[in-house]
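Hi everyone, thanks for coming along.

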Amino acid sequence: VGDYSAAERLWRQVLQVRRELLRPGHTLLTQTLLALGELLIERGRPRDAEPLLDEALRHQEEHGLTTHPLTARIWVALSRVYHAAGRWANAERAAQQALGQQQLTLHPHDLSIVDTYRQLARLAMARHDVRRAREQCELARERLTAATRVEPEVRLRLLLTSVRVALAAND
């Protein structure tokens, strides 16, 4: 647990400085837009995050970085924004876009794909598709099992998603 207000304030200051110093599309600027967007999502403000994430995605597309791992993270964050807004088709499309990129470009031990599987599981749960949610959790679990080093927080987030799926299956 941390001081999210202070973190947001600091990310906004970093964003302002990077906008002044860096050209549009610079990776550091895009990373800052994504980090602030993800923070706003965590704070329950996905609508505030959407324009930042749209800008980050536009930077990636305009500079030919559509297959860069950062772009997949932007798609996952946008999927979470769309999910929160009840825009299910957009959320699914964004998550699938991220997954497609990650499957083509990521090293087999890269764990960023786990967040994409978790998002797809959450979307399946929103549609009451427990079977699909379980499949997504299992794919994430397989990736974690294959990894040599996994942060406990990543394992915990997947476990919580799996518990939600199991509870929904029993309803």
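How many positive and negative side chains does the protein have, and how far apart do the centres of the two sets lie? There are 25 positive and 21 negative side chains, and the two centres lie 1 Å apart. Here Lys and Arg count as positive and Asp and Glu as negative, leaving out His and the chain ends, and a charge is placed at NZ of Lys, CZ of Arg, CG of Asp or CD of Glu.

A word on the source: this is a predicted model, where local features need pLDDT of at least 70 and side-chain atom pairs count only at pLDDT 80 or more, while totals for chains, interfaces and linings use all residues. Residues are numbered from 1 along each chain as its sequence is written, and side-chain values use heavy atoms, without hydrogens and water.

Now the fold. The protein has 8 helices and 0 strands (DSSP runs, H or I of at least four residues for helices and E of at least two for strands, numbered from the N terminus). Its radius of gyration, taken over C-alpha atoms, is 16 Å, close to the 16 Å from the globule rule for 171 residues, so the protein is as compact as a globular protein of that length. That rule is 2.2 Å times the number of residues to the power 0.38. The C-alpha trace spans about 50 × 30 × 30 Å along its principal axes.

Finally, let's visit one residue. Pro51 sits in helix H3, residues 46-62. Pro51 counts as partly exposed because its relative accessibility is 49% (buried is under 20%, exposed over 50%, partly exposed in between, with a 1.4 Å probe and protein chains only). Leu33 is 18 residues from Pro51 in sequence, and their C-alpha atoms are 9.3 Å apart.
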